[in-house]
Amino acid sequence: MTKHRLPWNHNNHYHAFLLTHVPNECEVALDIGCGVGEFASRLAQVCKTVEAIDPDRQAIDCARTLWNAYPNVRWHAHPFEGNSWTAAGYGFVSAIASLHHVELAPMVAHMKRLLKPGGVLAILGLYKETTISDLLYSAAAIPVNFIIWKNSTNV
């Protein structure tokens, strides 16, 4: 299958770790806020079917083009909230750097309801830098992030 290399970022740095939590023989996974589909394409390699949803139509169009080698991914260009994502039955539900766009508590509760028994909910979030310490930690991370990015072999 065709693999694409996208630039390293904080989100895709954790993809391999998140994939270790996908249940064995996962039938159906849901990736909420999939963006251009990098994680959804990796899920497609370990799950029978992946539903990937993002409200940004351009991102979904890009994902369809980048990851067309994965016919087991269904791309959806609309917001997660207010849609018919109600049936419990997902073995794995992920949200990578997307929950800061919605009301957190109801969204997490809804995501949990979508899981089949024994399913896994994987959330990789962001936090708002509000203190001097937060800003200093972020500033200190810039050169480290640059080094990781320069030496990255993520695919």
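Which residues of α4 are buried? In this predicted model, the buried residues of α4 are A59, I60, A63 and L66, where buried means under 20% relative accessible area, exposed over 50%, and partly exposed in between (1.4 Å probe, protein chains only). Helices (H or I, at least four residues) and strands (E, at least two) are DSSP runs, numbered from the N terminus. Residues are numbered from 1 along each chain as its sequence is written. Local features need pLDDT of at least 70, side-chain atom pairs count only at pLDDT 80 or more, totals for chains, interfaces and linings use all residues, and side-chain values use heavy atoms, with hydrogens and water left out.

The protein chain contains six helices and five strands, in the order α-α-β-α-β-α-β-β-α-β-α from the N terminus. Of its 155 residues, 39% are buried. Contacts (heavy atoms within 4.5 Å) between residues at least 6 apart in sequence join residues at least 24 apart in 65% of cases.

In soluble globular proteins, nonpolar side chains tend to be buried together. A nonpolar core is here a set of buried Ala, Val, Leu, Ile, Met, Phe, Trp, Tyr and Cys residues joined through side-chain atoms within 4.5 Å. The largest such core has 26 residues, and L43, V50, V73, W75 and F92 touch the most other members. Two or more residues of this core come from each of α2 (15–19), β1 (26–32), α3 (38–43), β2 (47–54), α4 (57–66), β3 (73–77), β4 (90–96) and β5 (115–124). A second, separate core has twelve residues, among them I53, A95, M111 and L115.

Seen down the axis of α4, its buried residues fall within an arc of 125°, so they line one face of the helix; the arc is that of the directions from the helix axis to the C-beta atoms. The cover over the buried residues of α4 includes β2 and β3. On the face turned away from the buried side are the exposed residues Q58 and T65. The N-terminal end of α4 is capped by D56, a side-chain oxygen of which lies 2.9 Å from the backbone nitrogen of Q58. A polar contact is a pair of N or O atoms within 3.5 Å; within protein, one must be able to donate a hydrogen and the other to accept it, and residues adjacent in sequence count only if both atoms are side-chain atoms.

Three salt bridges were found in a search of the whole structure, a salt bridge being a side-chain nitrogen of Lys or Arg within 4 Å of a carboxyl oxygen of Asp or Glu. D61 is partly exposed at 36% relative accessibility, and R64 is partly exposed at 35%.

Another salt bridge joins K48 and E27 (3.9 Å, N to O). K48 lies in strand β2 and E27 in strand β1, so this pair ties together parts that are 21 residues apart in sequence. K48 is exposed at 57% relative accessibility, whereas E27 is partly exposed at 41%. E51 and R74 also form a salt bridge, with the closest N and O atoms 2.5 Å apart. Because E51 lies in strand β2 and R74 in strand β3, the pair ties together parts that are 23 residues apart in sequence. E51 is buried at 7% relative accessibility, and R74 is partly exposed at 44%.

T49, in strand β2, is buried at 13% relative accessibility. Not counting residues up to four places away in sequence, T49 touches E27, V28, A29, N72 and R74. C26, in strand β1, is buried with a relative accessible area of 5%. With the same exclusion of residues up to four places away in sequence, C26 touches V46, C47, K48, G91 and F92. C26 and G119 are 93 residues apart in sequence, and their C-alpha atoms are 8.7 Å apart in space.
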